[in-house]
Amino acid sequence: MMDTASRSIGKELLRASGLVRRFGGLVAVNEVSLNVTDREIVGLIGPNGAGKTSLFNILSGQLGPDSGNVSFAGQDITGASASVCARAGIGRTFQIVKPLVSLTVHENVTVGALLNYPLATAREKAAEIIGRVGMRSLLDRQAGSLTLESRKRLELARALSIEPRMLLLDEILAGLNASEINESIHLIRSFAHQDGLAVIMIEHNLHAVMSLADKVVVLDYGRKIAEGKPEVVVRDPAVVAAYLGSDD
Ligand SMILES: Nc1ncnc2c1ncn2[C@@H]1O[C@H](COP(=O)(O)OP(=O)(O)OP(=O)(O)O)[C@@H](O)[C@H]1O
């Protein structure tokens, strides 16, 4: 596997500029700009309430921005719906894992694959993806009966099921043990390095961020306070101060 230094980062995929989102008097996302290329892994970090999930919600169409714009693969998707963003190639996981509990693992992933394929092909594609995330033995299990770790993998499989060009991963390592985290790190790396996807990951596990990310973006009170190589960003006095002033 190629290391980060020798890997050439690809073409620009996401260009978000000057994004603002207010909730009443609170500015949850404040003039945030972010560019991501294909094959790039971006770590999005910051204390609780910094605006990370709100930014994801804007990028994946769950939330419209009050101002600013988002272009993805050359298409203006500012304020577009979640289904338009999915069709454009933005797949995401949610922090609160919500599979369709009465459906099987296979059915849950097939639902996403139906975005691009008729049923028979969607079922085949879904089975492939389930194998990729290591859940082949759980194909016919009801989603409601899965452990937290398996639910998280299913969430990842659902995000992959739309065949995204960019994956937004919201704290997919939380609650996993050390070996599960290592497996997930390998998997995330393979999405970018083998499949050429762009990945933005919100992650509190700094070890994982440091080992995976090409670039780290730090939010604090809605603003981007730092951006750059992981080893430089974690030493940035503004970043250290933001974390010292928080519970994280
Ligand atoms: N729908 C909403 N209505 C009102 N306030 C909201 C809403 N969504 C988020 N907020 C507020 O916006 C701010 C940013 O929240 P957000 O969830 O984006 O932060 P975060 O960085 O993802 O936090 P965490 O790490 O705790 O998940 C917080 O103060 C939050 O309370």
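Reader: Which strand and which helix each supply at least two residues of the shell around the ligand?
Author: They are strand S2 (26-37) and helix H1 (52-59). Helices (H or I, at least four residues) and strands (E, at least two) are DSSP runs, numbered from the N terminus. Please note that this is a predicted model, in which local features need pLDDT of at least 70 and side-chain atom pairs count only at pLDDT 80 or more, while totals for chains, interfaces and linings use all residues. Residues are numbered from 1 along each chain as its sequence is written.

Reader: And which element gives the most to that shell around the ligand?
Author: H1 does, with three residues.

Reader: Which residues are around the ligand?
Author: Phe23, Leu26, Ala28, Gly46, Asn48, Gly49, Ala50, Gly51, Lys52, Thr53 and Ser54 are around the ligand; a residue counts as near if its C-beta atom, placed from the backbone, lies within 6 Å.

Reader: How do they divide by class?
Author: The shell has four nonpolar, six polar and one charged residue. Ala, Val, Leu, Ile, Met, Phe, Trp, Tyr, Cys and Pro count as nonpolar, Asp, Glu, Lys and Arg as charged, and the others, Gly among them, as polar.

Reader: Turning to the sheet, what is the strand order?
Author: The open sheet of four strands runs S2-S1-S4-S5, with antiparallel pairing; two strands pair if DSSP finds at least two bridges between them. S2 and strand S5 (75-76) each have a single partner strand, so one side of each is left without a neighbour in the sheet.

Reader: How many bridges join S1 and S4?
Author: Strand S1 (residues 12-23) and strand S4 (residues 67-72) pair over five bridges in the antiparallel sense. Ser17 stands opposite Asn69 in S4.

Reader: What about the domains: where are their bounds?
Author: Domain 1 covers 9-89 + 165-248 and domain 2 covers 93-163, with bounds from an automatic or database domain assignment. Their centres, taken over C-alpha atoms, are 23 Å apart.

Reader: How many residues of each domain are in contact?
Author: Twelve residues of domain 1 are in contact with twelve residues of domain 2, where contact requires C-beta atoms, placed from the backbone, within 7 Å. On the side of domain 1 that touches domain 2, helix H2 (82-88), strand S7 (166-170) and helix H6 (178-193) give two or more residues. S7 gives the most to that side, with three residues.

Reader: How do the residues of that side divide by class?
Author: They divide into six nonpolar, two polar and four charged.

Technical notes. Contact = placed C-beta atoms within 7 Å.
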